[in-house]
Amino acid sequence: MKLPAVHFTQRQHEFRFEVRQFLKEKCAEGKFHTKCDSWLSGSNPDFSKLVGEKGWIGLTWPKKYGGAERSSLDRYILTEEFLAAGAPVAAHWIADRQTGPLLLRFGTEEQRQFFLPKIAAGTCYFAIGLSEPNSGSDLASVTTKAEKVEGGWIVNGAKTWTSNAHDAHYMITLVRTDPFDGVKKHNGLSQLIIDLHAEGVTISPINYMTGQPHFNDVYFENVFVPDEMVVGELGNGWKQGLAELAFERSGPERILSTLPLLVELIEELKKQNNVIALEEAAKLVAQLWSLRNLSIGVARVLEEGGEVAIPAALVKSIGTKFEQSIPEITRLLVDTYPRLEAKQKLDRLMAESLLHSPGFTIRGGTSEILYGIVAKGVVAG
Ligand SMILES: Cc1cc2nc3c(=O)[nH]c(=O)nc-3n(C[C@H](O)[C@H](O)[C@H](O)COP(=O)(O)OP(=O)(O)OC[C@H]3O[C@@H](n4cnc5c(N)ncnc54)[C@H](O)[C@@H]3O)c2cc1C
């Protein structure tokens, strides 16, 4: 595995500073407060609209679809700054990160023209419809079924653990459009865009350990999906889904979910002038730096259209263990009283990190599954 070294240009440093400054101002204006795991659990449509107005959603997409035609490294800088600031970007995150690239690669011209400008404006959000009550790691066993009728498909089945479905407008849904052919269960799967406000869709919340809404069960009962909402080729859903996973697994969000806690820990240790504990915190920063280089290298290969499934699995499996280690090490270095409603920032960020971190190594593919992909050296499937 060879990943290129990446050096940011002066213009990219200036862009980073511009984003950082914007976030500092919005935080000071009270538009948000810093939160751990803000990319998946900090849904704030008003903030997403602000980001859209800045032209910072769909940054790499063609201008004719509302994008800015900038590089994926520019996008990397942008997302890194959002995560470091703990800004509430969850509403538009999935649409920006994976729905847009999926439609650019496999979607029809009509789908691109209809969805991409709205996503880029920060007003149209998507959920990921993969997992089902009896289908998680073994995703090809999904049973949600779409049957052909005139002009479209009738969908029946259920998805589960669907992050932010209650805020999203649409779901990219993996469904079976052809029965199991007795040869390979990956065949016969397709991706449909399902309107989450359509008749026959029921969304039932599953709260996080924090008590806040996050996941959902989503039920489909005779939901009509027009032919125009099939993404890519019928029966090619498995391969298309794998392409999406590379975007999903390699980004800085797999390293930085608890960075706001690490920053606060270092501030606290500096106040205490605790040099020995600061050395321990510095080891975390050193690990972060090497993981970041790995993740940036993958972003570069993705930009050049290269194959990244295996390094992306590596970034996700090592990066999420690292994110989980931050609250564990914080606990050993300072006294905290973690509570979500705490006035002290350190205590609040600690509570958020502890309650969210068990999911880091599960969402987007469990570590065990990722180890399997790396060990076999082949893309799952
Ligand atoms: C915070 C969070 C957000 C999520 N958001 C979404 C979402 O938006 N959309 C969505 O579709 N899903 C979502 N998920 C679901 C997630 O993708 C699944 O939980 C995950 O893929 C695992 O599936 P499962 O829960 O069915 O566990 P299982 O597949 O039943 O696995 C149970 C355990 O067995 C292990 N295991 C399973 N198979 C193997 C194997 N072959 N080799 C070794 N070990 C194995 C697993 O590693 C795991 O430890 C989310 C999950 C979390 C925690």
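The following legends describe views of a predicted model of one protein chain.

Because the model is predicted, local features need pLDDT of at least 70 and side-chain atom pairs count only at pLDDT 80 or more, whereas totals for chains, interfaces and linings use all residues. Residues are numbered from 1 along each chain as its sequence is written, and side-chain values use heavy atoms, with hydrogens and water left out.

**View 1. Secondary structure and dimensions of the protein chain.** The protein chain contains 12 helices and eight strands; these are DSSP runs numbered from the N terminus (helices H or I, at least four residues; strands E, at least two). Its C-alpha trace spans about 70 × 40 × 40 Å along the principal axes.

View 2. Of the 381 residues, 53% are buried (under 20% relative accessible area, with a 1.4 Å probe and protein chains only). Among contacts (heavy atoms within 4.5 Å) with a separation of 6 or more, 74% join residues 24 or more positions apart.

**View 3. Charged side chains of the protein chain.** There are 41 positive and 46 negative side chains, and the centres of the two sets lie 4 Å apart. Lys and Arg count as positive and Asp and Glu as negative, while His and the chain ends are not counted. Each charge is placed at NZ of Lys, CZ of Arg, CG of Asp or CD of Glu.

View 4. Leaving aside residues up to four places away in sequence, Glu-80 touches Arg-16, Pro-252, Leu-256 and Arg-292.

Methods
Buried means under 20% relative accessible area, exposed over 50%, partly exposed in between (1.4 Å probe, protein chains only).
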